[in-house]
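Please read the following report alongside the sequence and the coordinates.

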Amino acid sequence: MKNTRKRILMVDDDEDDFFLVNTLLQDVTDDQYVIDWAPTYDKAIEAIERKEHELYLVDYRLGRYTGLDILRHFQEIGYEAPVIMLTGKGDYAIDNEAMMAGASDYLVKGEITGPELERAIRYGIMEFKHLRTIAENERKYFGVFEKSHDLIILADCHKNIIEVNPIALRKMKYSRDEFLSMNLKDLFVHEAEALQFLLDICEDDAIVQKEFSFKNKDGQTLDVLVNANKLDEQLGTFLCVAEDITDKKREELDKRQQEKFVISGRIARVIAHEVRNPLTNILLAVGQFKQDEAPDNDDRQLYLDIIERNCTRINQLVTELLQSTRMMELHLQKYHVNTLMKNALALAEDRIRLNDIRLNEFYTEENVTVQADDEKMNIALLNILINAVEAMVPGEGILTVSTHTERDKAYIRIRDNGAGIPEENKARLFDPFFTSKTKGTGLGLTSTQNIIINHKGTINVESAPAEGTLFTIVLPRN
């Protein structure tokens, strides 16, 4: 059968003390322990470094060394094990110093009884195993906490943040001290969402699993899937684990936009084919009718002009629709992303100045180049800039443009502080002929999206009524 006896090392330069302790222990146990003896400091160090024993009985006096030197060696080699310090007489200072150095207990030799010694050894071994289990669990917990790819946030009963993991600091761009001065509701973009979230997690046995929008320190919006619940019922602590799904949702949106773009192109080609042929016949008939009609019939001439003018307008709209939804030939060259933005701003300079718009420009200092058709990109960016200027109140508008890079992508952002876009209109923003302007054709942003997609890029919009609008264009780096 497997030997289950526990090995103990006694470090003591007095053989009589070793014999006495061994006898006391064997008298009260049924051969459960095997005590080995190290009579000198050097032999003790050799035995300790072999790490063969479950507990160590260490005399405080070891010639020119002390038991504290033994405890320090445990620390130096990173070896954790239960150590009971032995001394010839009681001394609170020695007791306290030994416990501070890592001893699990302190016994006075002359006062030791067999049961007390066995209990101290048994408790020392058991306590060490428990502490090691707790430490291992803590290491696992902190490993998950520190290395998780999700944002992990702990909050107290008042919803004040008490701890966050490194990914939360990186994503939200707050320092740890800034985070610990915040409340959970401060993370949300929309106040109504925050209030509902706080109400939900306060319910009994509540586990909240919902999508929300967080805003980081730079004002950027993060779409997150939050799993939150009470961690401790009595203390009222809350655990929130938030998965950043911003990129996932953006990819889904980009895919839907490209699918819509393809469908719009097909519809445009069908319309062009089915509408242009009848239009051409009507225009030919009108032309012939005008030649044959008597010159003095003014009313008929007026109606014919109206028919001709509107047929021509329909034909122009069909042509614009085709141009805004078809794949186009690009003349690509290498441009710095800052140059593209500055070129478009130069074309919009008069409108910006006439409307007394304040312009803020923030450009990347990195050498970020993209393959682009300068003429087409001017059209795309100018459409956004003009829309931004027209959405703002003259004299009160603030137009902010910026460029930066993340990994293999170049970003162009155009933000205004205008009226914003209602939620129900955002989904239709790039649809052909959709416009909120009285004189607009509704093809400007359709054309912009077409140009960006042809550059293998994406375009996204964030907006809310009275909060302005942010267009983000993402292009592959050269």
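## Basis of the description

This is a predicted model, in which local features need pLDDT of at least 70 and side-chain atom pairs count only at pLDDT 80 or more, while totals for chains, interfaces and linings use all residues. Residues are numbered from 1 along each chain as its sequence is written, and side-chain values use heavy atoms, with hydrogens and water left out.

Helices (H or I, at least four residues) and strands (E, at least two) are DSSP runs numbered from the N terminus, and two strands are taken to pair if DSSP finds at least two bridges between them. Axes are lines fitted to C-alpha atoms, for helices over the stretch in contact, and angles run from 0 to 180 degrees between N-to-C directions. Contact means heavy atoms within 4.5 Å.

## The parallel sheet

Five strands in the order E2-E1-E3-E6-E7 form an open sheet with parallel pairing. Strand E2 (33-38) and strand E7 (105-108) are at the edges, each with a single partner strand, so one side of each has no neighbour in the sheet. From one strand to the next, the twist averages 25°. Within this sheet, strand E3 (residues 55-59) pairs with strand E6 (residues 83-87) in the parallel sense over four bridges, and the bridge partner of Val58 in E6 is Met85.

Helix H1 (residues 15-28) packs on this sheet and touches strand E1 (6-11), E2 and E3, its direction making about 175° with that of E2. Helix H2 also packs on the sheet, touching E1, E2 and E3, and its direction makes about 155° with that of E1.

## The H2 and H3 pair

The axes of helix H2 (residues 41-50) and helix H3 (residues 67-76) come within 11 Å and cross at roughly 30°. That makes H2 roughly parallel to H3, given that angles under 35 degrees count as roughly parallel, over 145 as roughly antiparallel, 65 to 115 as roughly perpendicular and the rest as oblique. The crossing of H2 and H3 is right-handed; a crossing is left-handed if the near helix is turned anticlockwise from the far one by less than a right angle, and right-handed if clockwise. On the H2 side the contact is made by Tyr41, Ala44, Ile45, Ile48 and Glu49, and on the H3 side by Asp69, Ile70, His73 and Phe74.

## The mixed sheet and its helices

A further open sheet is formed by five strands in the order E14-E16-E17-E19-E18, with mixed pairing. Its edge strands are strand E14 (358-362) and strand E18 (458-463), each of which pairs on one side only. Neighbouring strands of this sheet are turned by 15° against each other on average, direction ignored. Strand E17 (residues 409-416) and strand E19 (residues 469-476) pair in the antiparallel sense over eight bridges, and Ile412 stands opposite Ile473 in E19.

Helix H12 (residues 374-391) lies across strand E16 (398-406), E17, E18 and E19, running at about 25° to E17, and helix H14 (residues 444-454) lies across E18 and E19, running at about 135° to E18. H12 and H14 pack at an angle of about 140°, with their axes 9 Å apart, which makes H12 oblique to H14. H12 passes H14 in a left-handed crossing. Helix H11 (residues 337-354) packs with H12 at an angle of about 40°, with the two axes 9 Å apart; H11 and H12 are therefore oblique to each other, and their crossing is right-handed.

Phe179 lies in helix H7 (residues 176-179) and is buried, with a relative accessible area of 0%; buried means under 20% relative accessible area, exposed over 50% and partly exposed in between (1.4 Å probe, protein chains only). Leaving aside its neighbours within four places in sequence, Phe179 is in contact with Ile161, Val164, Ala168, Leu169, Met172, Tyr174 and Leu187. Phe179 and Ile153 are 26 residues apart in sequence and 9.6 Å apart in space, C-alpha to C-alpha.

## Cysteines

How many disulfides does the rule give? With a disulfide defined as a pair of cysteine sulfur atoms within 2.5 Å, the count comes to zero. Cys240 is buried, with a relative accessible area of 5%, and Cys311 is buried as well, with a relative accessible area of 7%.
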